[in-house]
Amino acid sequence: MAVVKLLYLAIWFRKHRMGFIAHILDKTIRIIFGCEIFSTTKIGTGIELPHGGLGIVINDNAIIGNNVKIQSCVTIGGKGGPGVPIIEDDVEIGTGAKILGKV
């Protein structure tokens with residue numbers, strides 16, 4: 001739950017043109033929680049990251065809808081390749097899932 005609060009706080013700072021603080025929070029989330037989610041990622045409300053978001057990697061260009069539950073060790077979007085995933089509303093992504101490229 002703490003990782004989600006920090007993530008939304010980083011997004012708020014990014015929207016209010018305080019990118020440096022958002023960047024610091026991005027790095028803090030990565031170091032403390034072991035997940036790589038950037039404040040530039042478009043994330044809807046009600047996201048749930050059980051287990052503190054352990055091992056989650058989300059491409060900064062991916063789009064995550066509302067009320068999405070992402071289990072541990074999930075990768076959404078990779079380096080390169082055509083497009084990034086768009087995860088719709090009310091989706092649960094299971095442990096270890098790898099969603100790469102445009103879906």
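Visitor: In which sense do strand S3 and S6 pair?

Guide: This is a predicted model, and in it strand S3 covers residues 63-64. Ile64 stands opposite Ile87 in S6. S3 and S6 are joined over two bridges, and the sense of their pairing is parallel.

Visitor: Which strands stand at the edges of the sheet?

Guide: The sheet is open and has three strands, paired in parallel in the order S1-S3-S6. Two of these strands have a single partner strand each, so one side of each is left without a neighbour in the sheet. The edge strands are therefore S1 (42-43) and S6 (86-87).

Visitor: How far apart are the end C-alpha atoms of helix H2, and what span should its residues give?

Guide: Helix H2 runs over residues 19-33, which makes 15 residues. At 1.5 Å a residue these should span 21 Å, and the distance between the end C-alpha atoms agrees with that, at 21 Å.

Visitor: Why do the buried residues of H2 line one face of the helix?

Guide: The buried residues of H2 are Ala22, Leu25, Asp26, Ile29 and Phe33. An α-helix has 3.6 residues a turn, so residues three or four places apart point the same way. Seen down the axis of H2, its buried residues line one face because they fall within an arc of 105 degrees.

Visitor: Which exposed residues does the face of H2 turned away from its buried side carry?

Guide: On the buried side of H2, the cover includes helix H1 (2-15). The face turned away from that buried side carries two exposed residues, Phe20 and Ile31.

Conventions: Residues numbered from 1 in each chain as written. Predicted model: local features only at pLDDT ≥ 70, side-chain atom pairs only at ≥ 80, totals over all residues. Heavy atoms only, no water. Helix = DSSP H or I, 4+ residues; strand = E, 2+ residues; numbered from the N terminus. Expected span 1.5 Å × (residues − 1). Buried < 20%, exposed > 50% of the residue type's maximum accessible area, 1.4 Å probe, protein only. Arc of directions from axis to C-beta. Contact = heavy atoms within 4.5 Å. Pairing = 2+ DSSP bridges.
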